[in-house]
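Take a look at the model below.

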Amino acid sequence: FGNLQERAAYQLGVWQTPRAKTTHTISVVELEETAPDECSVISTFIMTRTGDQENTKLYASGTYRDTVVRTGDGWRFKERTVIIDSNLLPAEFTDLI
């Protein structure tokens, strides 16, 4: 943001930067029944982001460790643990979640 007018316009929502495209890819690695209506699921994920005039960048990768339960409405998450592969995340990561 170059000048004060541009910064003010951005803060007021009059001028905005284009949003990037975010892709969240998940792969199921392991599914195990732990009770009659409960399963443990381990999956891996990657998150990428591509700006309008940019190359695609990897933002995060890791593992989900989930517990899912069968309800009257189908399978639902009971618990989720996220393990990120890296100790560092990009500053923009909070935009993705």
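Which residue in S4 is the bridge partner of Thr63? The partner is Ile83. Before going on, note that this is a predicted model, in which local features need pLDDT of at least 70, side-chain atom pairs count only at pLDDT 80 or more, and totals for chains, interfaces and linings use all residues. Residues are numbered from 1 along each chain as its sequence is written, and side-chain values use heavy atoms, with hydrogens and water left out.

Start with the strands. Helices (H or I, at least four residues) and strands (E, at least two) are DSSP runs, numbered from the N terminus. Two strands pair if DSSP finds at least two bridges between them. S3 and S4 run antiparallel, joined by 10 bridges. A hairpin of 2 residues leads from S3 to S4. S2 and S3 are also paired in the antiparallel sense, over 12 bridges. Here the hairpin has 6 residues. Within this pairing, Ile42 stands opposite Arg65 in S3.

Now stop at Thr67, in strand S3. Thr67 is buried, because its relative accessible area is 19%; buried means under 20%, exposed over 50%, and partly exposed in between (1.4 Å probe, protein chains only). Contact means heavy atoms within 4.5 Å. Leaving aside neighbours within four places in sequence, Thr67 is in contact with Glu38, Cys39, Arg76, Phe77, Lys78 and Glu79.

Next come the charged pairs. A salt bridge is a side-chain nitrogen of Lys or Arg within 4 Å of a carboxyl oxygen of Asp or Glu. The count by this rule is 3.

One of them joins Arg70 to Asp37, with the closest N and O atoms 3.1 Å apart. This pair links distant parts of the chain: Arg70 is in strand S3 (residues 57-71), while Asp37 is in the loop between strand S1 (21-35) and strand S2 (38-50), 33 residues apart. Arg70 counts as partly exposed, at 45% relative accessibility. Asp37 is partly exposed too, at 40%.

Glu38 and Lys78 also form a salt bridge, at 3.2 Å from N to O. Glu38 lies in strand S2 and Lys78 in strand S4 (residues 74-84), 40 residues apart. Lys78 is exposed, because its relative accessible area is 53%.

Asp66 and Arg80 meet in a salt bridge at 2.7 Å, N to O. Asp66 is in strand S3 and Arg80 in strand S4, 14 residues apart. Is Asp66 buried or exposed? Asp66 counts as buried, at 4% relative accessibility. Arg80 is partly exposed, at 40%.
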